[in-house]
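Colleague: Could you walk me through this one? I would like to go slowly and take one topic at a time.

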Amino acid sequence: MKKPVILTTLCRRAVLCVAALTAVLTTETARAQYLQVKAGGGLSTLYSGARAVGAYKFGVGYEYELGQRWSIAPALTFSGKGWKDPDRAVHLTDDDDRPLYNDDGTPRYGIMSRSAAACYLQLPVLLCYYHRLGPGRYILLGGGPYAALGIAGKTKIKGDASRHGSEKVYAEHNTFGHDGVCRFDAGVQLTAGYRLPSRITVAAEADLGCTPVATGRKAAATLSLMFTYTF
């Protein structure tokens with residue numbers, strides 16, 4: 001079985017597990033509801049064939065308490081992800097697409113680099129578990145599915161010999177709508193953190209995509225350090 005198929009299967013099973021646990025826990029009346037604001041940053045890349053670039057995330061959430069230890073936490077966040085393709089050597093050509101050669105007759109090569117930034121509106125729904133350590137202090141573990149829609153982004157290309165004029169040196173275009181990049185993203189979000197008595201939660205958060213970012217490419221993965229304040 002290929003890796004993308006395995007990842008998709010695991011993501012589907014995770015979504016079904018969260019849905020089943022939610023159905024059981026929501027038989028209890030929600031005891032409290034809290035508004036949350038969150039922000040953070042980290043690194044984003046593809047599962048293979050790309051280098052990591054900076055990532056960021058901020059948004060609002062709403063936590064529904066299901067008991068002493070469990071809660072459901074949907075959120076709406078603005079998430080900036082991306083990836084950078086490894087630099088590669090390309091055969092240089094002139095504006096008429098004729099190959100260029102050095103004085104000794106050998107092909108003339110240049111280095112092409114490509115980096116993509118993609119901004120999404122992201123909707124995760126997490127099932128969270130709180131382990132109490134003391135007054136106002138908790139260990140947080142959570143996970144659940146997310147869906148995201150790409151709304152903006154830029155792809156920057158340097159040294160692309162297939163382009164003409166100044167674009168051989170530098171070019172940019174919208175990330176979505178080019179190179180087969182998909183606007184829709186979905187996967188599983190996992191989080192582990194610590195809630196302080198000040199109601200600030202510091203957590204490591206991972207977005208593990210299950211859908212390829214583009215035709216012939218892998219899914220994206222993001223690891224962030226998040227700060228959440230609960231009102």
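This is a predicted model: local features need pLDDT of at least 70, side-chain atom pairs count only at pLDDT 80 or more; totals for chains, interfaces and linings use all residues.

Colleague: Okay, strands then. Which way do strand 5 and strand 7 run, and how many bridges join them?

Modeller: Strand 5, which covers residues 137-158, and strand 7, which covers residues 184-195, run antiparallel and are joined by 12 bridges. If you want a place to look, find I139, which stands opposite Y194 in strand 7.

Colleague: And what about strand 7 and strand 8, how many bridges there?

Modeller: There are 9 bridges between strand 7 and strand 8 (residues 200-212), and these two strands also run antiparallel. Along this pairing, T191 stands opposite E205 in strand 8.

Colleague: What do strand 7 and strand 8 form, and how many residues are between them?

Modeller: They form a hairpin with 4 residues between the two strands, and in the turn you will find R199, which has a positive phi of about 75°.

Colleague: New topic: how much space lies in the largest pocket?

Modeller: The largest pocket holds about 360 Å³ of space. It is lined by 17 residues, and those closest to its centre are E65, Q68, Y130, Y138 and R195.

Colleague: Which elements give two or more residues to that lining?

Modeller: Those elements are strand 2 (53-65), strand 3 (70-91) and strand 4 (109-134), and the largest share, 3 residues, comes from strand 4.

Colleague: How do the lining residues divide into nonpolar, polar and charged?

Modeller: The lining of the largest pocket has 6 nonpolar, 5 polar and 6 charged residues.

Colleague: Now the rings. How many aromatic pairs does a search of the whole structure find?

Modeller: The search finds 7 aromatic pairs in the whole structure. For Y229 and F231, the ring centres are 5.0 Å apart and the planes stand at 85°.

Colleague: Why is the pair of Y229 and F231 edge-to-face?

Modeller: The planes of Y229 and F231 are at 85°, and because planes over 60 degrees apart count as edge-to-face, that is the name this pair gets.

Colleague: Which residues form an aromatic cluster?

Modeller: Y56, F58 and F78 form one aromatic cluster.

Colleague: Last one: what lies over the face of Y120?

Modeller: That is K81, which lies over the face of Y120 at 5.3 Å from the ring centre.

Key:
Residues are numbered from 1 along each chain as its sequence is written. Side-chain values use heavy atoms; hydrogens and water are left out. Two strands pair if DSSP finds at least two bridges between them. On a 1 Å grid over the protein atoms alone, a cavity is a set of points where a 1.4 Å probe fits but cannot get out, and a pocket is an open set with protein on both sides within 12 Å along at least five of seven lines; lining residues have an atom within 4 Å of a point. Grid points are joined across faces, edges and corners, and a volume is the space filled by probe spheres set on the points. Ala, Val, Leu, Ile, Met, Phe, Trp, Tyr, Cys and Pro count as nonpolar, Asp, Glu, Lys and Arg as charged, and the others, Gly among them, as polar. Rings of Phe, Tyr and Trp (its six-membered ring) pair if their centres lie within 6.5 Å; planes under 30 degrees apart count as stacked, over 60 as edge-to-face and the rest as tilted. A charge sits over a ring if NZ of Lys or CZ of Arg is within 6 Å of the ring centre and within 35 degrees of the ring normal.
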